[in-house]
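Dear colleague,

I am passing on the structure we spoke about, with notes on what was found in it. Please look through the model first and then read on.

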Amino acid sequence: MAELIEIKVNGEKHRIEAEPDMPLLYLLRNNLELNGPKYGCGIERCGSCMVLLNGKAQPSCVIPGAAAAVYEVTTLEGLAKNGKPDLVQEAFIEEQAAQCGYCLNGMIMSAQALLAENKNPSDIEIRQALNRVLCRCGTHTRIIRAVKRAAAKMNV
């Protein structure tokens, strides 16, 4: 039975009528029309649906929408300010760190969470933070360069 779910996404409060066990991913995409998080596997294995929950990268495909109501949810769209990409998004663009783009949401959100905690991560730390996101295109070296570029910009 549907219920009213109050959720804060990208700084705005929303009231959504939905089944409480509906995955957060579906609320974001279908109800709020946010297309950053992608459906990939539905079982927390690919990372394409990654969002930030209170700043921590988490897969939105396995989190019930009602359970997400206690978090500040940030999607890829919420990183940009006044239509301008944030430093991480900008670095990914500058490094051309995407090919098909399907993993891009997960990579950027994971990088964002990493850099919020560690302003100068090593290659190993970057790889560990991005390990939850599956990419088959082979742009891993550009993705790592993008994270390093974003870190350098943050440390200026």
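In this predicted model, Val9 stands opposite Val73 in strand 5, where strands (E, at least two residues) and helices (H or I, at least four) are DSSP runs numbered from the N terminus. Residues are numbered from 1 along each chain as its sequence is written, and side-chain values use heavy atoms, with hydrogens and water left out. Local features need pLDDT of at least 70 and side-chain atom pairs count only at pLDDT 80 or more, whereas totals for chains, interfaces and linings use all residues.

Strand 1 (residues 3–9) and strand 5 (residues 72–74) run parallel and are joined by two bridges, and two strands pair if DSSP finds at least two bridges between them. The open sheet has five strands in the order 2-1-5-3-4, with mixed pairing. Strand 2 (12–18) and strand 4 (56–59) each have a single partner strand, so one side of each is left without a neighbour in the sheet.

Helix 4 lies across strand 3, strand 4 and strand 5, at about 30° to strand 3; axes are lines fitted to C-alpha atoms, for helices over the stretch in contact, and angles run from 0 to 180 degrees between N-to-C directions. Gln112, which has its place in helix 4, is buried (under 20% relative accessible area, 1.4 Å probe, protein chains only), with a value of 16%. Not counting residues up to four places away in sequence, Gln112 touches Leu52, Leu79, Asp86 and Val88, contact meaning heavy atoms within 4.5 Å.

Key:
Buried means under 20% relative accessible area, exposed over 50%, partly exposed in between (1.4 Å probe, protein chains only).
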